[in-house]
Amino acid sequence: MQARDVAQNVLVSLSSSFQTSPNFWLDPKNGVSYSVAVQTPQYRVDNYQALQNISHQQRPSGAPAQILGNLVDISTVARPASISHYNVQR
């Protein structure tokens, strides 16, 4: 398993599968193709514990799914205040 695989699963879960691996379903009755996307609702990921509980499936090996909290450490990082030049005058 690589960091890329973990990041891909988190991206799919939080933003949608349509951007990373689009899937389509063809209705056999009318011949219309529909896009199918999977996404975790935003209200379900409202804290760090919920983020750590996102499931990660190791596709090639077929091993049981792991949760993100078992694979990575998630923490907050203090960042310096951002600088804005929006109101700069001559």
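These are my notebook entries on a predicted model, from its overall layout down to single residues.

**Ground rules.** I number residues from 1 along each chain as its sequence is written, and I leave out hydrogens and water, so that side-chain values use heavy atoms. As the model is predicted, local features need pLDDT of at least 70 and side-chain atom pairs count only at pLDDT 80 or more, while totals for chains, interfaces and linings use all residues.

**Entry 1: layout.** I began with the secondary structure and found four helices and four strands in the chain. Helices here are DSSP runs of H or I with at least four residues, strands are runs of E with at least two, and both are numbered from the N terminus. Read from the N terminus on, the order is α-α-β-β-α-β-β-α. I then looked up burial: of the 90 residues in the chain, 14% are buried. Buried stands for under 20% relative accessible area, exposed for over 50%, and partly exposed for what lies in between, with a 1.4 Å probe and protein chains only.

**Entry 2: the aromatic pair.** How many aromatic pairs does the count come to? It comes to one. The partners are Trp25 and Tyr34, and their rings are stacked, at 5.9 Å centre to centre and 25° between the planes. For the rule, rings of Phe, Tyr and Trp (its six-membered ring) pair if their centres lie within 6.5 Å; planes under 30 degrees apart are stacked, over 60 edge-to-face, and the rest tilted. Tyr34 sits in strand 2, residues 33-36. Trp25 is partly exposed because its relative accessible area is 44%, and Tyr34 is partly exposed too, at 38%.

**Entry 3: Asp27.** Next I went to the loop between strand 1 (23-26) and strand 2, where Asp27 lies.

**Entry 4: across the sequence.** I finished with some C-alpha distances.

- Ser13, in helix 1 (residues 3-15), is buried because its relative accessible area is 14%. Its C-alpha is 10.0 Å from that of Leu51, 38 residues apart along the chain.
- Gln49 belongs to helix 3, residues 48-52, and is partly exposed at 48%. From Gln49 to Leu68, 19 residues apart in sequence, the C-alpha distance is 9.9 Å.
- Gly69 is in helix 4 and partly exposed at 30%. Gly69 and Asn53, 16 residues apart in sequence, have C-alpha atoms 6.3 Å apart.
- Asn70 is also in helix 4 (residues 68-71), and I noted Asn70 as exposed because its relative accessibility is 54%. Asn70 and Gln52, 18 residues apart along the chain, have C-alpha atoms separated by 7.9 Å.
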